[in-house]
Amino acid sequence: MEFEKENSAGYLVNHTARLFAAGLQERITPLGITIGQFPILLELWVKDGVTQRELLEKLALEQATLANTLNRMERDGLIVRKKHPADARSQQIWLTEKGQAPRDSAYQAANDQNEHSLAPLSDEEREQFLGLMRRIINAAHSG
């Protein structure tokens, strides 16, 4: 059996994701953010004070990966963990001022990376591309 990576959706999506991530990492490094922290920060910038379990559900990360990243973020002063007022077994994750500060610049970096990566596409092609990706993601979640 032959395998042609140029015709493999999985290969192409993975390669595209790596290129997006590399470009974004270049743009957010000056902000003191790593690519591993970025999805967590995106969630906390929308809703602060969530539990680790809530982040796991939203981000679909491995428990150990999330725990290690949160430990580093706490060490670096981006987040603090506080006991949950209603559940003594869990902690809420809160952004510090240092974690909140790069939000607008990080959003701009992500927008700039998207714009750069999607530059070869027309507006109509961009909408079609994004729509197709959303359909694939929704199908993967439900299947």
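Which handedness does the crossing of α2 and α3 have? The crossing of α2 and α3 is right-handed; the tour returns to these helices below.

**Before you start.** This is a predicted model, in which local features need pLDDT of at least 70 and side-chain atom pairs count only at pLDDT 80 or more, while totals for chains, interfaces and linings use all residues. Residues are numbered from 1 along each chain as its sequence is written, and side-chain values use heavy atoms, with hydrogens and water left out.

**Whole chain.** Show the chain as a cartoon. Its secondary structure comes to seven helices and three strands, in the order α-α-β-α-α-β-β-α-α-α. Helices (H or I, at least four residues) and strands (E, at least two) are DSSP runs, numbered from the N terminus. The C-alpha trace spans about 50 × 35 × 25 Å along its principal axes.

Over residues 6–138 the chain is 65% helix and 9% strand, with the end C-alpha atoms 24 Å apart.

Select α2 (38–46) and α3 (52–59). Their axes come within 11 Å and cross at roughly 115°, which makes α2 roughly perpendicular to α3. Axes are lines fitted to C-alpha atoms, for helices over the stretch in contact, and angles run from 0 to 180 degrees between N-to-C directions. Angles under 35 degrees count as roughly parallel, over 145 as roughly antiparallel, 65 to 115 as roughly perpendicular and the rest as oblique. A crossing is right-handed if the near helix is turned clockwise from the far one by less than a right angle, and left-handed if anticlockwise.

**Largest pocket.** Select T16, A17, F20, M133 and I137, which lie nearest the centre of the largest pocket among its 26 lining residues. A pocket is an open set of points on a 1 Å grid over the protein atoms alone, where a 1.4 Å probe fits, with protein on both sides within 12 Å along at least five of seven lines; lining residues have an atom within 4 Å of a point. The largest share of this lining, eight residues, comes from α1. By class, the lining has 19 nonpolar, three polar and four charged residues.

**Second largest pocket.** Finish with the residues that line the second largest pocket, including T51, Q52, R53, R81 and D87. α3 gives the most to this lining, with three residues.

Notes
Ala, Val, Leu, Ile, Met, Phe, Trp, Tyr, Cys and Pro count as nonpolar, Asp, Glu, Lys and Arg as charged, and the others, Gly among them, as polar.
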